[in-house]
Amino acid sequence: MIYSYPVHLNHLSIISINSDYEPWFYSNYIQLSCPPEFPNDRTKIVNFFNYDDLNPFYGYSPFTKEHKTSRLEKPEQIIPHYKGLLKDQKYINIFVDDFYLAFRPAYKLCHTPHELFLFGYDNTAEHFHVLGYDTSGKPKEYTVFFSELVAAYMSASNLLENYTASTWMHFDYQFEYNKNQYGINLSNIISLLESYINSTEFELMPGTVCGVSIYKLIKEYYYNYYYSLTSVDVRPFHLLWEHKNLMYIRMKYLQNYFSLDLSNYISSLFDLQQNYMILRNKLIKCEISKNRIQTDLFYKTIDSLVYNETQLYSKLIKELKKLL
């Protein structure tokens, strides 16, 4: 249900192999956060924030185990190493140069390191099975020939020498599914909802903008886009829609879990996620037509949506506290 960024797509594709993950999933992914530099720095993003001390932006779950290893140095190591890991039911996340990957034609004009998620291989066809995005930004399975991967991996190793600040890119990551039991955590849901509407700052990351305060930066981000000739990155707005859509689905889940009547909240949240989907789609149309939404209209739209959302969550919190 979350695929705005690969870290969510890859992680959730592992843990959603059965429904055991659902109580944990619906107990998290409520708070939002972004660095204060977001409006002016395209390397900064708006993301879910689960108050996880180790991976606060990524929210890895108790349903996976992560192993971080140094990158391979020799091309002849690559194929047998990853085949062996996949045979042992591991999932692999590595950084490669997109220039060499046929399923990423948009990067054929430049050399850029991006992550690649491997989940299987075909020895006869000599390719790996990977998870990626199609041209519309939706998840899709692809294949990468062994020879493509070797060239892309070794080229990325050279490129990463210039990415000294991005330390996480200098490693390979292996994940394995960890069968676990986790009940719905109502206290956590309430805490995250309160943190969201109160813009509670995460104490281990001072200065990070959390909760509804991010919308001030969203407006600043749009202002910069409106008065520039650059293209808009629609992913933050897609993530905002995912956030509202997930709240809508979460309410239906909680209604069944606690045998409650949450129909009014479900109806209001459906409308909210529809409005965010419309906003996202308008921005996509604006990018195509270059006929942009006036900033004052965009601001009024955001302010109205945020006001309705916070009022709704304030009432919902009181409702959920009755269950504690």
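Biologist: Is the crossing of H6 and H9 left-handed or right-handed?

Modeller: This is a predicted model, in which local features need pLDDT of at least 70, side-chain atom pairs count only at pLDDT 80 or more, and totals for chains, interfaces and linings use all residues. Residues are numbered from 1 along each chain as its sequence is written, and side-chain values use heavy atoms, with hydrogens and water left out. A crossing is left-handed if the near helix is turned anticlockwise from the far one by less than a right angle, and right-handed if clockwise. By that convention, the crossing of H6 and H9 is right-handed.

Biologist: How is H6 directed relative to H9?

Modeller: Helices (H or I, at least four residues) and strands (E, at least two) are DSSP runs numbered from the N terminus, while axes are lines fitted to C-alpha atoms, for helices over the stretch in contact, with angles from 0 to 180 degrees between N-to-C directions. Angles under 35 degrees count as roughly parallel, over 145 as roughly antiparallel, 65 to 115 as roughly perpendicular and the rest as oblique. The axes of H6 (residues 214-226) and H9 (residues 295-321) come within 10 Å and cross at roughly 165°. Relative to H9, the direction of H6 is therefore roughly antiparallel.

Biologist: How many residues of the contact of H6 with H9 are nonpolar?

Modeller: Contact means heavy atoms within 4.5 Å, and in the classes used here Ala, Val, Leu, Ile, Met, Phe, Trp, Tyr, Cys and Pro are nonpolar, Asp, Glu, Lys and Arg are charged, and the others, Gly among them, are polar. On the H6 side are Tyr215, Ile218, Lys219, Tyr222, Tyr223 and Tyr226, which meet Thr295, Phe298, Tyr299, Ile302, Asp303, Val306 and Glu309 of H9. Besides one polar and three charged residues, the nonpolar ones in this contact number nine.

Biologist: H9 also packs with H8; how many nonpolar residues does the contact of H8 with H9 have?

Modeller: H8 (residues 263-289) packs with H9 at about 155°, their axes 11 Å apart, so H8 is roughly antiparallel to H9, and H8 passes H9 in a left-handed crossing. Among the contact residues are Leu269, Leu272 and Leu279 in H8, with Phe298, Ile302 and Leu316 among those in H9. Next to two polar and three charged residues, the nonpolar count is 13.

Biologist: H4 lies across several strands; at about what angle does H4 run to S4?

Modeller: The strands S3-S8-S4-S5-S6-S7 form, in that order, an open sheet of six with antiparallel pairing, where two strands pair if DSSP finds at least two bridges between them. Its edge strands, each pairing on one side only, are S3 (64-70) and S7 (139-145), and neighbouring strands are turned by 35° against each other on average, direction ignored. Helix H4 (residues 146-159) lies across S4 (91-97), S5, S6, S7 and S8 (171-177), and the angle to S4 is about 65°.

Biologist: Which residue takes a positive phi in the hairpin of S5 and S6?

Modeller: S5 (residues 113-122) and S6 (residues 127-133) run antiparallel and are joined by five bridges. Within the pairing, glycine 120 has histidine 129 as its bridge partner, and tyrosine 121 stands opposite phenylalanine 128. The hairpin has four residues between the strands, and the residue with a positive phi, near 55°, is glutamate 126.

Biologist: Which residue in S9 stands opposite cysteine 34?

Modeller: A second open sheet, of three strands with antiparallel pairing, has the order S2-S1-S9. S2 (47-48) and S9 (209-210) each have a single partner strand, so one side of each is left without a neighbour in the sheet. S1 (residues 32-34) is joined to S9 by two bridges, and opposite cysteine 34 stands valine 209.

Biologist: What is the radius of gyration of the chain?

Modeller: The chain has nine helices and nine strands. The globule rule, 2.2 Å times the number of residues to the power 0.38, is compared with a radius taken over C-alpha atoms. For 324 residues the rule gives 20 Å, and the chain is as compact as a globular protein of that length because its radius of gyration is close to this, at 21 Å.
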